[in-house]
Number of protein chains: 4
Amino acid sequence: MKQRVSIIGASGYSGAELLSLLSRHPYAEVTSVFANSSAGKRVEELYPAFRGTAAGSLVYGEFSPAAVAKDDIVFIALPSGEAMKHVPALIDAGKRVIDLGGDFRLKDSSLYTKYYKHDHTAASYLPKAVYGLPEWNADAIRSAQLIANPGCYVTSALLPLLPLLKEGLVEPNGIVISSMSGVSGAGRSASTELSFTEVNESVKAYKATVHQHTPEIETVLTDFGGRTATVTFVPHLIPVTRGIFSTMYLRPAAPLTADDIRAVLTRQYASAPFVRLIGEASPEIKHVQHTNFIDIGWKPDPRNGTLVLFSVIDNLVKGAAGQAVQNMNLLIGANETEGLR
Amino acid sequence: MKQRVSIIGASGYSGAELLSLLSRHPYAEVTSVFANSSAGKRVEELYPAFRGTAAGSLVYGEFSPAAVAKDDIVFIALPSGEAMKHVPALIDAGKRVIDLGGDFRLKDSSLYTKYYKHDHTAASYLPKAVYGLPEWNADAIRSAQLIANPGCYVTSALLPLLPLLKEGLVEPNGIVISSMSGVSGAGRSASTELSFTEVNESVKAYKATVHQHTPEIETVLTDFGGRTATVTFVPHLIPVTRGIFSTMYLRPAAPLTADDIRAVLTRQYASAPFVRLIGEASPEIKHVQHTNFIDIGWKPDPRNGTLVLFSVIDNLVKGAAGQAVQNMNLLIGANETEGLR
Amino acid sequence: MKQRVSIIGASGYSGAELLSLLSRHPYAEVTSVFANSSAGKRVEELYPAFRGTAAGSLVYGEFSPAAVAKDDIVFIALPSGEAMKHVPALIDAGKRVIDLGGDFRLKDSSLYTKYYKHDHTAASYLPKAVYGLPEWNADAIRSAQLIANPGCYVTSALLPLLPLLKEGLVEPNGIVISSMSGVSGAGRSASTELSFTEVNESVKAYKATVHQHTPEIETVLTDFGGRTATVTFVPHLIPVTRGIFSTMYLRPAAPLTADDIRAVLTRQYASAPFVRLIGEASPEIKHVQHTNFIDIGWKPDPRNGTLVLFSVIDNLVKGAAGQAVQNMNLLIGANETEGLR
Amino acid sequence: MKQRVSIIGASGYSGAELLSLLSRHPYAEVTSVFANSSAGKRVEELYPAFRGTAAGSLVYGEFSPAAVAKDDIVFIALPSGEAMKHVPALIDAGKRVIDLGGDFRLKDSSLYTKYYKHDHTAASYLPKAVYGLPEWNADAIRSAQLIANPGCYVTSALLPLLPLLKEGLVEPNGIVISSMSGVSGAGRSASTELSFTEVNESVKAYKATVHQHTPEIETVLTDFGGRTATVTFVPHLIPVTRGIFSTMYLRPAAPLTADDIRAVLTRQYASAPFVRLIGEASPEIKHVQHTNFIDIGWKPDPRNGTLVLFSVIDNLVKGAAGQAVQNMNLLIGANETEGLR
């Protein structure tokens, strides 16, 4: 039987990607799409790629709790600070909620305030939130009411790092995560800084060491890896539309060969349908675009006591909408890959 | 009085950039351009941007020592392994030579063989080579006969790293250099891997930890920084035509503030005309394109015991042709910025 | 029941796109992929995006007629001049063949020689070829043994032009087709001209007025439009990976309003599942990327006695592999959209 | 002696390019730069590429007539509708003015109102304006007080078209101008439509047949070409930062060979320093980027009674700031190429 699902914040890039995935999902029926700034417009007016499809004819509405009264699952794809306004009522009404934003990823609301620069107004709901990283938290996800979908950079970093940390093979401090992201990660908005002329033929770092994904990475490394870890995270904006490439630099606790790395990653991910281990090589963004895959490569540098890990994802799919659908699949007892291949 | 200069390997991107700079230089007269594969063609046939200029009408010749008999300075912009075939005769004939390639950068020919994958056939000329990093080696450059122009990545890494290493402020081991380069750095050649379709909308790392610039960086850090240093160097190919962005991750020997970094860099570069210190911020490739500038930024991350340094250059200018002209200026006693502003 | 299908020339971009579509098609089983230059390699070695899929594990073979003895349908995605070497034997062996290249599109072998610059060595098979433009030739396609899949530019031009020509609403001479194509249209090959550095931040026209798609457009306009037509076709290469944008300039035989245009296009395409009429507006390449849609827009300019038509397609899908699958669907009696949504 | 010059609207892309050119011009001294929205900021804050240069230290001021009291020449690089607010006072005060915008290009203010969608409030100054196309109007420019610098698209179209029209070799009606422009032509502004994510990997036409450069092209074709001409002008936005590529389709009055075209263009442009005639070939944007050149190519298509002309310019240089400096050179009696090579 199909789940009735709706999307709050369906006019952004993640929301549109989610709509695209859900509208073709065998077990989902998208009942409504909400986007206050575009209320009254059809989806295909904002996203003409949807022309000629049923999803394209949906009309953005203004969200109200009553509008989702008959829905089973509500997805939220809003900027930080917005989901917390809607989640309490939705949870109290018994809805299952998958939030693609950052509002319910950090259990510690003071960390939230520090990195997101505003207070958390629904902190009492934080304990209900289950971290939606399917490869590490599937059981909890299956029975969750509120799922906090991981950040895009975070997903790209956690999946390679966690197995090594969990097995105690690398130093948990001094971890370096050097990431490059395509511009769609910044969302759909009017900004001189994100204009083609400014971004094309250039690269810049931004929010170096203070990006809000930093505490999320550290928290999850500790929660699932079992160690207090600190990371230096530096994201770079590159002239690419979709995709994240993360290069991680670690110090092995004891010498590790490429085969050792493969063994530990294989132990963890042998049956993970969206993790591809590519060996002592570099992944490439183009190989995962428009897919829910993460490709992971590695390269020990024993001369310098360093281990290099690489990963690539599509920031809008495995980094957002695809992972949200993967979480929904777990939630409804479907095959994890349903609607994602 | 003008120097008579010629360029061997003038049909590649670095060679063409060099021709562009030298043809407008007040103290240089380009007498001949050599490119065996394009012999007989006019420069403007390969590079129509030169149409309507005197340089555009030059005809590529086949190089022979006799052809440069009357020249003062010979620039070489050939792939590795090629310059070493010409340098001995040129040096023996009393020419001053500026080599933009890698053949004379490493004093240790066994390192050369290891990283460049072929033997060095002119090792006896290595002691004559002076490393052409003007900000650190100006005196030696002024009186050199053979100048080894630094590698593009190397330049971007050395200028930020050297002052900190020299003053003993950072650990000389475990240095991480995570670089991104535009595609012109790979030269002008027919290659499926470098085709637009393969490079656009993607990123990949290549030669991670084994790139031939690794020993060059380490050697120069030791020679000028005064410490045995080891680095993990990972270059990434990004969809940009020109430019290198390097992000470096260091461990301070003792806590360093942003002001400390500014102080040490300022001590070194206060009078360096092409080094711009931009503070606790990220530089951007577009700000240095088509210029000989290097922009350097920094960001301490005391939480994690890490210091992040950033730099950007135009790989064809400060990373190749521009720096070569800067070296020529020193060599001929001209103002270091002549022809480069 | 599934058709047994194979692909000759599966290592190029069109071949890979075809493999991707066919491997997920409900009525097709890809039995073999041929690519002489890559024989012995797995598909995922050339195209790592296929990792983790069944298609990715296929091994490229060398083509021989015996190797397809049990297949029902053979797709050919080879450069011009190559398909004609294989088609006679395949046809004689009773295979159904869909050729994505240009060898069987022109009935007049002298035109072929003139524009393709080599002789046609299988001219006696030209009469068997059915032109694979589903929106105009579906009945013949259903019963064809040899289908000539239209050229990419041709598809983008014919679908907007034909209805107007057929109804006699525009002058059949003096038609202008000004097209822009992404670089994947040039195929997967090592070429300095197609390197990122050469293509990025630039535009050029090529083969203006003499491109081999010119006679194909004129022939089909005459065959299906019922008028002798001549066109000036100018393709431009733009820094985009996938997609064609065609702007056509026509002279109306009598004044035409925007509503008139909509009426005539609607008459023709009301039930065509992949044609989207977007009105007096410009289509955009991004709206059709990775789909089999063609979006058509229009804009009369009565001041100047001109009618402007616009179209966009994905050159690898509607312009090649997608249209080939659409043709296969007709051939096997399946729904035209099977495997393409 | 140096001219005292100032720039109103110096914070946009054209203004910044102009500042870059004027600050290196031997006969100009930039006394002030005005940009109300950025008043109080240094140029290098908005354009860090200027760091380390004198121009970078200039502070944007708010414009007032008093602020330019001692200046000789005032450049205006403002959006349409803005220059007309300042020009009357400047002209009355005896300043020489070069306006890069559209306000004084059309002599007929009703045409202005029709295409620019607002009234002209300084129509009485239109007769004073001299059209700043140096290759066709040099004498008038030399003695002008108010120069209307041509539009970017207009420049790319007029220079190829005018000689043919003037000699009566092509039909003056039914001319088609199909142009592609880089994104910097749209100015420096916050806009979702111009964001990297929207522009990259796509193409769209905009303002087809109704762009405000249409009447400018037609007026100048008539004024300098001596014929009443009508054009269909369709601009396309492409994922390039800088550059315009225009393809023009004409109907020859009598058959014209490629040699004929060369002859007529050579007659007109033999001594024009910035016009390069490249023959029966396509120009390429990259060959003119960052230069004041226009490259013109051509290709007759006698089969279809059509003549194709091509041109490329850098929209910010020959299409704006470079041409403005070329006009200033004429105005001050300097060599036309001063500061532009």
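Two strands pair if DSSP finds at least two bridges between them. Strands are DSSP runs of E with at least two residues, helices are runs of H or I with at least four, and both are numbered from the N terminus.

The views show a predicted model, in which local features need pLDDT of at least 70 and side-chain atom pairs count only at pLDDT 80 or more, while totals for chains, interfaces and linings use all residues. Residues are numbered from 1 along each chain as its sequence is written, and chains are lettered from A and ligands numbered from 1 in the order in which they are written.

**View 1. Strand S14 of chain D and its two partners.** In S14(D), Phe310(D) is the bridge partner of Gly297(D). Strand S13 (residues 294–301) of chain D runs antiparallel to S14(D), and seven bridges join them. The hairpin of S13(D) and S14(D) has four residues between the strands, and Gly305(D) takes a positive phi near 60° there. Strand S11 (residues 244–250) of chain D also pairs with S14(D) in the antiparallel sense, over seven bridges. Ser246(D) stands opposite Ser311(D) of S14(D).

**View 2. Burial of strand S14 of chain D.** Eight of the eight residues of S14 (residues 306–313) of chain D are buried. A residue is buried if 20 or more other C-beta atoms, placed from the backbone, lie within 10 Å of its own; 12 or fewer make it exposed, and a count in between makes it partly exposed. In a regular strand the side chains alternate between the two faces of the sheet. Thr306(D), Val308(D), Phe310(D) and Val312(D) are buried on one side, and Leu307(D), Leu309(D), Ser311(D) and Ile313(D) on the other.

**View 3. The parallel sheet of chain D.** Seven strands of chain D form an open sheet in the order S3-S2-S1-S4-S5-S7-S6, with parallel pairing. Strand S3 (60–61) and strand S6 (129–131) of chain D are at the edges with a single partner strand each, so one side of each is left without a neighbour in the sheet. Strand S4 (residues 73–76) and strand S5 (residues 96–99) of chain D pair over four bridges, and Phe75(D) stands opposite Ile98(D) in S5(D).
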